[in-house]
Number of protein chains: 2
Amino acid sequence: MSKKDLYVSSELASLSQEIGISFKYPQSQKHYRQGSRPDIKVPYRLISQSPTVTQDGQTLENPPIPVYDTSGYYGDAEAKIDLKAGLPKIREQWIEDRGDTEKLSGLSSEYGRQRAFDPKTEHLRFNHITRPRRAKPGKNVTQMHYARQGIITPEMEYVALREQMNLSEIYRDPRYASLIKQHPGEDFGASIPKHPDEITPEFVRQEVAAGRAIIPANINHSELEPMIIGRNFSVKINGNLGNSAVTSSLTQEVEKMVWSLRWGADTIMDLSTGANIHETREWIIRNAPVPIGTVPIYQALEKVGGIAQDLSWPLFRDTLIEQAEQGVDYFTIHAGVRLAYVPLTADRVTGIVSRGGSIMAKWCLSHHQENFLYTHFDEICEIMKAYDVAFSLGDGLRPGCIADSNDEAQFGELYTLGELTKKAWEHDVQVMIEGPGHVPLQRVKANVDKELAHCYEAPFYTLGPLVTDIAPAYDHITSAIGATNIAWYGTAMLCYVTPKEHLGLPDKEDVRTGIITYKVAAHAADLAKAWPGSQIRDNALSKARFEFRWRDQFNLSLDPEKAESYHDETLPAEGAKIAHFCSMCGPKFCSMKITQEVRDYANQQAGMQEKSVEFVKKGAKLYQ
Amino acid sequence: MSKKDLYVSSELASLSQEIGISFKYPQSQKHYRQGSRPDIKVPYRLISQSPTVTQDGQTLENPPIPVYDTSGYYGDAEAKIDLKAGLPKIREQWIEDRGDTEKLSGLSSEYGRQRAFDPKTEHLRFNHITRPRRAKPGKNVTQMHYARQGIITPEMEYVALREQMNLSEIYRDPRYASLIKQHPGEDFGASIPKHPDEITPEFVRQEVAAGRAIIPANINHSELEPMIIGRNFSVKINGNLGNSAVTSSLTQEVEKMVWSLRWGADTIMDLSTGANIHETREWIIRNAPVPIGTVPIYQALEKVGGIAQDLSWPLFRDTLIEQAEQGVDYFTIHAGVRLAYVPLTADRVTGIVSRGGSIMAKWCLSHHQENFLYTHFDEICEIMKAYDVAFSLGDGLRPGCIADSNDEAQFGELYTLGELTKKAWEHDVQVMIEGPGHVPLQRVKANVDKELAHCYEAPFYTLGPLVTDIAPAYDHITSAIGATNIAWYGTAMLCYVTPKEHLGLPDKEDVRTGIITYKVAAHAADLAKAWPGSQIRDNALSKARFEFRWRDQFNLSLDPEKAESYHDETLPAEGAKIAHFCSMCGPKFCSMKITQEVRDYANQQAGMQEKSVEFVKKGAKLYQ
């Protein structure tokens, strides 16, 4: 154990303080929508704006702009942040009230019990571990199960309100009349709601029942603020973190998790492969208001000293239960890496690049047996439905380069994932499907089309894809290009890529860059699909830009701090933030300023505009 | 005059030295293809690779990888760089040999003459200004004119060889057999050559004659290494620079230009609006191996003290001649901003955001007259063809935000640009068309489709477009997403956007980020259109990645320095660069390593692969 680990406790205390400071969004207020029961309080954020000052000195109010909020308890002005205590358990009563779960007397997993009483990791242990909860015998506690029985759970209501924010109100408020204008979308056959009023709890229930959307919400993660992943909802993003044998500490991982929420991650995957995976995960879940995903095979491999051949179903099963009882919300399971597909990767340029995929491939070959995740899939489903862990069916054979994209190994696995989706749904277990990887732009759409067709519209969750291999250090960008397109075509959640991809583990700044880059991709796809209200923020920011309300422009942006600091590099004076010009053109030569004059002039010329429209309609030609 | 300007001479001397150092690309050699005459020497770069070391210790050669070279004389190992002397005039003899131009006794432009003898700017002046060249009376010296007469100029031959590099050779060399594998493209009706052999001088001539491609090559820019812009060639990128009244010096602008070439800019636009525009431009052109574009109305406006109403045709005409005789290769001319369109912008969220567009709009409204660039278009063509300056018909009414995209003002102007394209072609003047701007993803393709239809397939040259407004400080990314898509759909050249867009003027590092980001976009589009050989670099880099040839991976990337430095943040030791693992997974847990084992195993199992293919063909299902 490193000396650093000894300081976990004091590190977390000082991190708690820092978070309190860093979660202050400029000119923002966190609001809550009240649901049908008192303990359903759904957050969104309002960014207030300064008024427009007209040339004759009049001031005109600009209404506050709503944004989807992922900041959780950390973003609440009243919050007393204490990472050592964990977050409030807001779902506890909802789960309790359903009456279909029980608190166990202790951990069911052998490994979990072992760690709980290991004096060597005592100092790393979260202090407030409670007894785990599990479905009562014969009960199925998945959101899909409830949905299929016609039950609208608090979780479903929560996500409906969350997606809706205060948009229904805004759509009726005349102050927003010009801001809610939105271009028609192209959603490639998805059924995006046309109006915020259509985003109802019943709509959520139907989408979950149909398997087109999932609400990852383990009954042991009662700190969770539920969210939904499906192509008929806003596009979500996942941020990865996790230590490795080479680098990173427990506190750093907790910090990256919270930092990701600060910038807008919707879910977090803990991909740790280094020391103290169990303890790290506990700290993360207890402090995470967003769903946490893991790849259980990583930890299983650690348990057998990194020897893939030594993996076994009993060991893996124990790992699933260990993690399910901690509260992991979705598991990446590489059950589609079937023995017969493995040789299909032999002629690839980069073989198998998925860690989980290569572990399972090695296991299959060593034993010359079918993948035990595939053969034990029904038993895995039994575990999933006892805790409501969702499947993220892993693409263990995803292409690791442009050359290997869309090949037989990749699509062979995808078809198997479709088969497994059906099986999981027989158990009412929620499923999403992981997707590539590295795919050139002209081959991206085929991935979505095949996934929707062969996996029965289960939500697609893709990494990028990267549209070229030649830009290491810029792969947040190469992948954001693919990600925006694939999300537009129908991917429900995007897994972020940081600038360090292929080169090293991301640090805090890389996480920020990766998250913001993926917020861009997700938002651009929302615009393209015409997700209700998605254009409001663009419209408001552009209006602020046009009116030289610099502060509003910064505050409405995805990264206000960076926008302001870039502006200040050339014009640092406070006065420049109310100046009617910027450093690009200088004070005399400003197109925005000239436009205002054009506008005033045009207003004076009655009928001019009608004439112009007529002129354009006639073909706008003089010469020919 | 600022004190800084006094040091231009010594600044340039020390910059010359720095350039000599910074243009060393790792493991790269610049090569030249010999054309049909001794002075046609066309550059490309070869990146050499280290051998593959197999598990049994065998070494297998990896052949060098060709990349398109924009580094010009600066990238030549033998070069003696002296910015104060300017570049070698490689086109001088080609132009002379055509016998249709004459050297004038002095500058034709009044303003040019005035500046040439102004003692106040003496210290800023380039020392080796030669007499300008112009078409002999009655002669037309445009590349389009020659092309239409069936003449293949050295410029056309040059660009054919340049696009082809050594690919024809490589396609026949067995060492490259696996590297040249390429996925079929989707080029939306363009006619991308299928094989490098098809990229002939005659093909170039036909494309230029048809107006589908342009070779911007002013007869007064004999330092130029010709390049081609057209959707049946590789996608090009432009980097902007230029001072403003608020910031930047002459030397900084020269530095940004050279720095842009270092990273791969294909053309440069000098958008200066500040002091000493004339002198800055001279330094830039004399040191530019790439085409230089300008927006002459910017300088014209400076000449009338920033008062748009005071602009006039004679003043503008003099500015065109002044710049044409310096050697500007293409002019952005906002001749499509017609009086009747101006009121169409009045209800926009951000009005007119193009500087040129707003200047012309103001002029039109002030005089209540038609745009003088439109009414004098024939006379402008007369100037263009006397020097072979290409039109970049400006989109003065491009949308400045998502809300204003694809509106009547924008498309009205586009139709007029089509009308003007036809007119320019009557004069055999080369034309490209500028495009937006801010456009959400679902509306991007309509821009290309309309441009191709209404502007008769003249090359499209777009800024981004940005697919959302909400990410200032990340607009290189928001725009690269739109840029990749629009280039795939058929845009020939992309104008870069830096992280400072909307916030400030880019510095040297922003230029680098902007250029590399746009190299990504252009290359991803080349892959999507299946430009011959475009996948070789991806294939080679991926193979290097898979084999843990870290150095090769860095060297083959768009930004080797950054890739290496990111890698070194976690594993700085030199040994880690030959290690068979990286910081993401650590030594024990490496998917790439496991894959090699899988591959070895699969090779042992004869017939296994055939069985697997058969299995997949049968539907790969056991469960159902």
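Q: What percentage of the 624 residues of chain A count as buried?
A: In this predicted model, 68% of the 624 residues of chain A count as buried, where buried means under 20% relative accessible area, exposed means over 50%, and partly exposed lies in between, with a 1.4 Å probe and protein chains only. Because the model is predicted, local features need pLDDT of at least 70 and side-chain atom pairs count only at pLDDT 80 or more, while totals for chains, interfaces and linings use all residues. Residues are numbered from 1 along each chain as its sequence is written, chains are lettered from A in the order in which they are written, and side-chain values use heavy atoms, with hydrogens and water left out.

Q: Why is A:Thr319 called buried?
A: A:Thr319, which has its place in helix H11 (residues 313-326) of chain A, has a relative accessibility of 0% and therefore counts as buried. Leaving aside neighbours within four places in sequence, A:Thr319 is in contact (heavy atoms within 4.5 Å) with A:Pro296, A:Gln299, A:Ala300 and A:Lys303.

Q: What makes B:Arg551 partly exposed?
A: The relative accessible area of B:Arg551 is 31%, and so this residue is partly exposed. B:Arg551 lies in helix H20 (residues 550-555) of chain B and, not counting residues up to four places away in sequence, touches B:Glu564, B:Glu574 and B:Lys577.

Q: Why are H15(A) and H16(A) called roughly parallel?
A: Helix H15 (residues 408-426) and helix H16 (residues 444-454) of chain A pack at an angle of about 30 degrees, with their axes 9 Å apart. That angle makes H15(A) roughly parallel to H16(A), because angles under 35 degrees count as roughly parallel, over 145 as roughly antiparallel, 65 to 115 as roughly perpendicular and the rest as oblique.

Q: Which residues make the contact of H15(A) with H16(A)?
A: From H15(A) come A:Gln410, A:Phe411, A:Leu414, A:Tyr415 and A:Gly418, and from H16(A) come A:Asn447, A:Lys450, A:Glu451 and A:His454.

Q: How do you know that the radius of gyration of chain A agrees with that of a compact globule?
A: The globule rule is 2.2 Å times the number of residues to the power 0.38, and the radius of gyration is taken over C-alpha atoms. For 624 residues a compact globule would have a value near 25 Å, and chain A has 26 Å, which agrees. The C-alpha atoms of chain A fill a box of roughly 80 × 60 × 50 Å, taken along the principal axes.

Technical notes
Axes are lines fitted to C-alpha atoms, for helices over the stretch in contact, and angles run from 0 to 180 degrees between N-to-C directions. Helices (H or I, at least four residues) and strands (E, at least two) are DSSP runs, numbered from the N terminus.
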